[in-house]
Amino acid sequence: MRYYSTRDTRQEWPVTLDAALAAGLASDGGLFVPERLPRFKVADFAGADTLPAVAERLLAPFFAGSALASQLGAICREALDLPLPIVRLPRIHGDVSLLELFHGPTAAFKDFAARFLAACLARLRRRDDPLKTVLVATSGDTGGAVAAAFHQRPGFRVVILYPDGRVSKRQAHQLGAFGDNVHALRVAGSFDDCQRMVKEVLADRPYASQHALTSANSISLGRLLPQMAYYVYAALRLARAGQSHSPMLEAPPVLVVPTGNLGNALAAALVREMGLPLGAIHFATNANRTLPDYFAGHEYRGRASVATLANAMDVGDPSNFERLAWFFRGRDLRHAGIHAHGVDDATIRARIVAGEGDWQQLWCPHTACAVEVVERLRVGGCQDPLLLVATAHPAKFDEVVEPLVGHPVPVPPALGALLARPTHSEPLTADAVALKARLEQGW
Ligand SMILES: *Cc1c(COP(=O)(O)O)cnc(C)c1O
């Protein structure tokens with residue numbers, strides 16, 4: 001399989017998967033996309049009952065011709081061997097299943113993709129390569145997932161930039177708790193400042209190559225590919241269960257995905273494009289209305305982000321929109337079975353408060369946006385089975401959730417272990433020159 005930049009419209013500059021994984025972003029500023037999407041049927045996955053097994057079959061065409069092709073099975077088993085429960089929710093709103101993506105080491109869905117990317121990059125590394133520094137700007141969850149994935153990996157060091165005071169206390173603790181080859185810098189500024197600093201330093205190509213810098217941001221192809229695998233796994237599980245209840249009658253599940261930078265939800269849309277049984281796809285965003293406004297018929301207009309309770313989705317100009325538009329080029333994206341809905345903070349609070357009574361669930365603020373969309377769909381008359389995606393464990397956002405539900409949220413063991421470790425971060429001014437100076441100082 002060859003890969004192109006979304007901006008290489010005449011497809012003149014093919015790159016290999018391995019080059020695309022190592023580079024992150026294309027040199028023209030575009031995002032890497034595969035030359036075509038393979039087609040699949042449910043029967044193609046016969047006998048594949050675990051996420052690693054499903055992922056290996058799904059991703060084989062994408063890895064054709066890669067130096068990693070023969071190791072794909074091992075990569076999937078190493079990176080994707082995380083619990084992936086599909087929970088049947090109480091039938092107050094018809095048939096709703098919950099896809100829990102938060103059972104990895106940092107309790108958010110980004111663990112799947114970060115671990116997969118790390119497993120690939122570790123295998124692409126040559127013995128005599130210099131120590132690589134993975135630079136990552138985070139609004140809270142990406143940094144932890146990338147840190148956990150590269151922690152104690154020989155040949156790699158992770159430098160995390162996060163906005164001081166603008167991530168949850170537990171997120172901040174987690175970012176500084178790894179130690180060893182992971183270094184946390186708390187920046188006196190916003191997430192946008194952190195991202196700008198990382199981009200500026202990486203855009204200085206001689207500097208980036210001299211210091212062996214690389215990135216692991218959410219637009220990396222190595223993060224998009226594994227995210228498709230859990231949607232295939234879920235679609236297969238529900239299709240197989242549906243057939244045993246009522247052969248041929250069951251409609252494919254309608255999917256509701258908490259959405260920010262559009263990496264997770266794009267993966268779902270691609271799974272449906274590849275022929276697997278998913279119904280309409282609904283993006284649940286917070287008060288950042290770029291996607292809801294676009295799907296309501298307005299021109300696409302990226303804008304500055306606004307801060308909300310669902311902070312990992314505070315994105316005003318979702319990077320992956322460019323990829324979504326590329327995959328649906330020549331078609332009207334607004335008539336492609338994709339919808340977007342904005343949810344404000346007051347409604348997020350209301351859904352968290354009502355969660356235990358209505359659904360017997362504690363919701364994280366991001367998942368709460370999707371719960372609201374589920375309820376709107378039912379009120380609007382949708383009767384299809386629904387698949388609701390949970391992106392983080394509520395214990396990660398205890399400062400929001402606990403005052404609303406009035407009791408402590410039990411902490412999952414992996415997160416608890418990180419929170420029990422000492423934490424350390426260094427202050428940094430919000431400036432690319434300061435970041436370069438700190439990198440040169442070394443650790
Ligand atoms: C990153 C994140 C999101 C948004 O995912 P995108 O792929 O950026 O759309 C949603 N929920 C949580 C908990 C996250 O960490």
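His-93 lies in the loop between β3 (86-88) and β4 (96-100); helices (H or I, at least four residues) and strands (E, at least two) are DSSP runs, numbered from the N terminus. This is a predicted model, in which local features need pLDDT of at least 70 and side-chain atom pairs count only at pLDDT 80 or more, while totals for chains, interfaces and linings use all residues. Residues are numbered from 1 along each chain as its sequence is written, and side-chain values use heavy atoms, with hydrogens and water left out.

**Overall form**

- The protein chain has 17 helices and 13 strands.
- A compact globule of 443 residues would have a radius of gyration near 22 Å, and the 21 Å of the protein chain agrees with this. The radius is taken over C-alpha atoms, and the globule rule is 2.2 Å times the number of residues to the power 0.38.
- Along the principal axes, the C-alpha atoms of the protein chain fill a box of roughly 60 × 50 × 40 Å.

**Around His-93**

- Apart from its neighbours within four places in sequence, His-93 is in contact with Trp-359, Glu-375 and Arg-378, where contact means heavy atoms within 4.5 Å.
- From C-alpha to C-alpha, His-93 and Ser-190 are 39 Å apart in space, and they are 97 residues apart in sequence.

**The sheet of 6 strands**

- The order in this open sheet is β3-β4-β12-β9-β10-β11, with mixed pairing; two strands pair if DSSP finds at least two bridges between them.
- β3 and β11 (338-342) are the edge strands, and each pairs on one side only.
- From one strand to the next, the twist averages 25°. Axes are lines fitted to C-alpha atoms, for helices over the stretch in contact, and angles run from 0 to 180 degrees between N-to-C directions.
- Strands β9 (residues 254-258) and β12 (residues 386-390) run parallel and are joined by 3 bridges. Val-256 stands opposite Leu-388 in β12.
- Helix α10 (residues 263-273) packs on the sheet and touches β9, β10 (281-285), β11 and β12; its direction makes about 175° with that of β10.
- Helix α14 lies across β4, β9, β10, β11 and β12, at about 165° to β12.

**The sheet of 5 strands**

- This open sheet has parallel pairing and the order β8-β5-β6-β7-β13.
- β8 (213-215) and β13 (426-429) stand at the edges with a single partner strand each, so one side of each has no neighbour in the sheet.
- Strands β5 (residues 132-137) and β6 (residues 156-163) pair in the parallel sense over 6 bridges. Val-158 in β6 is the bridge partner of Val-134.
- Helix α7 (residues 191-203) packs on the sheet, touching β5, β6, β7 (182-188), β8 and β13, and its direction makes about 150° with that of β5.

**Helix pairs**

- Two packed helices are described by the angle between their axes and the distance between the axes.
- Helices α13 (residues 345-359) and α14 (residues 365-379) pack at about 75°, with their axes 9 Å apart. They are therefore roughly perpendicular to each other; angles under 35 degrees count as roughly parallel, over 145 as roughly antiparallel, 65 to 115 as roughly perpendicular and the rest as oblique.
- Helices α3 (residues 72-79) and α4 (residues 110-124) pack at about 140°, with their axes 9 Å apart. This pair is therefore oblique.
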